[in-house]
Amino acid sequence: MHGGPASPGWLLVALCAATGAYCLLRMRSPVEEQRRAAGGEALMGFGMAAMAVPAAVFAPPSWAWPGYAAVFGAAALRALWAARRSPHHVHHLLGTAAMVYMALVMGASPGHHHEHGTSGVPLVTGLLLLYFVGYVLLSGVRLVPVTATAAGGGGGNRNGSGSVGWGDRPELARACRLSMGIAMVAMLLTL
């Protein structure tokens, strides 16, 4: 993030940008729900990449942080509306709310780490960390059986008809979400 060392920041930028790019590819899915979810995840990936650029390279102007908060606030409202129909969107809601929170914290203390005083980690940061660490652990466990099934030839038709495209591969979508969860934990730890 903006107050930390440059090398991990660039690794985080690369991870988030690659994840956002893959999510754009997933938006070509013929399944409408997958396209919608991929669009929100692409926004998250690219937004996280932009927030992770080391401050030594680019320090955003003061208006950028409220801009991030507004964009992700709108995305949070959209996720809240969608969460009425699908519990998967609750995760999107928490992710976009975390982005709003990080933008507000970073905007309040540009160029240096947020001061915690003697109280330790702020309550909101701690709660978000607990959620995303749990999400990462659960997602990692869920990814293992999918990867083993895919590697063992248990899915899809290999003759080309009815094969699953890159944008519709469930194990890649899960790996994408896992990568963003790991990046979110890293970003929250640097607040």
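The following exercises, with worked solutions, concern a predicted model.

Local features need pLDDT of at least 70 and side-chain atom pairs count only at pLDDT 80 or more, while totals for chains, interfaces and linings use all residues. Residues are numbered from 1 along each chain as its sequence is written, and side-chain values use heavy atoms, with hydrogens and water left out.

**Exercise 1.** Determine how many helices and strands the protein chain has.

*Solution.* Helices are DSSP runs of H or I with at least four residues, and strands are runs of E with at least two, numbered from the N terminus. On this basis the protein chain has 6 helices and 0 strands. Along the sequence the pattern reads α-α-α-α-α-α.

**Exercise 2.** Describe how H2 passes H6.

*Solution.* First, the axes (lines fitted to C-alpha atoms over the stretch in contact, with angles from 0 to 180 degrees between N-to-C directions) of H2 and H6 (residues 170-189) come within 11 Å and cross at roughly 35 degrees. Second, the crossing is left-handed, that is, the near helix is turned anticlockwise from the far one by less than a right angle. Third, contact means heavy atoms within 4.5 Å; the H2 residues include Met 44, Gly 45 and Met 48, and those of H6 include Met 180, Ala 183 and Met 184.

**Exercise 3.** Classify Phe 58 as buried, partly exposed or exposed.

*Solution.* Buried means under 20% relative accessible area, exposed over 50%, and partly exposed in between (1.4 Å probe, protein chains only). Phe 58 counts as partly exposed because its relative accessibility is 45%. Phe 58 lies in the loop between H2 (32-52) and H3 (64-82).
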